[in-house]
Amino acid sequence: MNIGIDIDNVISNFDDTLLREYLRHDKELRNTGIINENAEYVRRGMFDWTDEEEKKFYYENIENFAKNLQPIENVPYYIKKLKEKGHKIFIITGRNNGEYTNPYELTEKWLNKYNIYYDKLILTDAYDKHAKTEVCLANNIDLMIEDSIKICLDLINNNVKVFTMNTRYNQQEQNLDRVSTWKEIYERIVK
C-alpha cells in the first residue's frame, strides 16, 4: 500500500508548539493570555492580538517553530513498522507555500533528525486545497493521513481513502474517519 502522511499535527506537535510560543510572546506583548479557550485555531481568535501583530509574529518565527517541532509519540516507531510490513511511505506536506526559505531542506533535516522513515518527500502549497489530492492521485496513494478538513474532503471526493488525525479544529465535520494515536493508525492498517 502507498501511504501518504502529512507532517504538521499528524507527525509533529505543530499546534502544541505554536500555542507554547504564542503564550510566551503574549507575555511580552500584552500579558493578557488566552482570551478564547474555544477558538478553532491558535492563530485566530485565541489571543487579543490584532491581525497585523499575529501575522508579523507568525511569519517572523515560522521557520524556528518548524525546526523545533517534536514528533508525536511513537511516530518513528510506527512508520518504521509500516515500512517493514511492505508499505511505501510518502511524506506529503503543505510547506511549499512561501513561508520557508528552503522548505525541502528544512523538512528533510527534521525528518532525519528524528529518524522518521520515508520513501519519498513531496511538498505542496498548503493554501491550495487540491494540491495534495493531485499529488496523491499522481503517486497512487491508497491512504492519506491528514488533519485539514478541506484537504480530507477533497481527497475523499476524489476517492482517496483518508484517516483524519483528530484535532481541536476539525471537530465540526462529522463524516471523517478519525484516528487519535499512531498505535490506532498502525493497527487499522495492518489488521
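**Close-up views of a predicted model**

**View 1. The lining of the second largest pocket draws its largest share from α1, with four residues.** The model is predicted: local features need pLDDT of at least 70 and side-chain atom pairs pLDDT 80 or more, while totals for chains, interfaces and linings use all residues. Residues are numbered from 1 along each chain as its sequence is written, and side-chain values use heavy atoms, without hydrogens or water. The second largest pocket holds about 210 Å³ of space (the volume filled by probe spheres on grid points joined across faces, edges and corners). A pocket is an open set of points on a 1 Å grid over the protein atoms alone, where a 1.4 Å probe fits, with protein on both sides within 12 Å along at least five of seven lines; lining residues have an atom within 4 Å of a point. There are 14 lining residues in the second largest pocket, and Asn9, Asp15, Asp16, Asn166 and Thr167 lie nearest its centre. By class, five are nonpolar, six polar and three charged (Ala, Val, Leu, Ile, Met, Phe, Trp, Tyr, Cys and Pro are nonpolar; Asp, Glu, Lys and Arg charged; the others, Gly among them, polar).

**View 2. The largest pocket contains about 880 Å³ of space.** Its lining has 35 residues, and those closest to the centre are Phe14, Tyr41, Arg44, Ala126 and Tyr127. Two or more lining residues come from each of the elements α1 (14–29), α2 (51–67) and α6 (DSSP runs numbered from the N terminus: helices H or I of at least four residues, strands E of at least two). With six residues, α2 supplies the largest share of this lining. The class count for the largest pocket is 13 nonpolar, seven polar and 15 charged residues.

**View 3. Helices α3 (residues 75–84) and α7 (residues 182–190) pack with their axes 9 Å apart, at an angle of about 10°.** This makes α3 roughly parallel to α7 (under 35 degrees; over 145 is roughly antiparallel, 65 to 115 roughly perpendicular, the rest oblique). Axes are lines fitted to C-alpha atoms over the stretch in contact, and angles run from 0 to 180 degrees between N-to-C directions. On the α3 side Val75, Tyr78, Ile79, Lys81 and Leu82 take part, and they meet Trp182, Lys183, Tyr186, Ile189 and Val190 of α7 (contact: heavy atoms within 4.5 Å). By class, the contact of α3 with α7 has eight nonpolar, no polar and two charged residues.

**View 4. Tryptophan 182 belongs to helix α7.** Its relative accessible area is 2%, so tryptophan 182 is buried (under 20%; exposed is over 50%, partly exposed in between, with a 1.4 Å probe and protein chains only). Apart from neighbours within four places in sequence, tryptophan 182 contacts Ile5, Val10, Ile11, Ile72, Glu73, Val75, Tyr78, Ile79, Leu82, Ile145 and Met165. Between tryptophan 182 and tyrosine 41 the C-alpha to C-alpha distance is 23 Å, at a separation of 141 residues in sequence. Lysine 191, in the segment after α7, is exposed, with a relative accessible area of 82%. From lysine 191 to methionine 144 the C-alpha to C-alpha distance is 17 Å, and the two are 47 residues apart in sequence.

View 5. Beyond its neighbours within four places in sequence, histidine 87 is in contact with Met1, Ile3, Leu82, Asp119 and Ile189. Not counting residues up to four places away in sequence, serine 12 touches Ile7, Leu69, Gln70, Pro71, Ile72 and Trp110.

**View 6. Helix α5 (residues 131–138) has Ala131, Lys132, Thr133, Val135 and Cys136 buried.** These buried residues pack against β2 (88–93), β3 (120–123), β4 (143–146) and α6 (149–157). Asparagine 140 follows α5 and is located in the loop between α5 and β4. Although asparagine 140 is not a glycine, its phi is positive, about 50°. This residue is exposed, with a relative accessible area of 54%.

**View 7. Asparagine 31 is in the loop between α1 and α2.** Its phi is near 60°, a positive value in a residue other than glycine. Asparagine 31 is exposed, at a relative accessible area of 53%.
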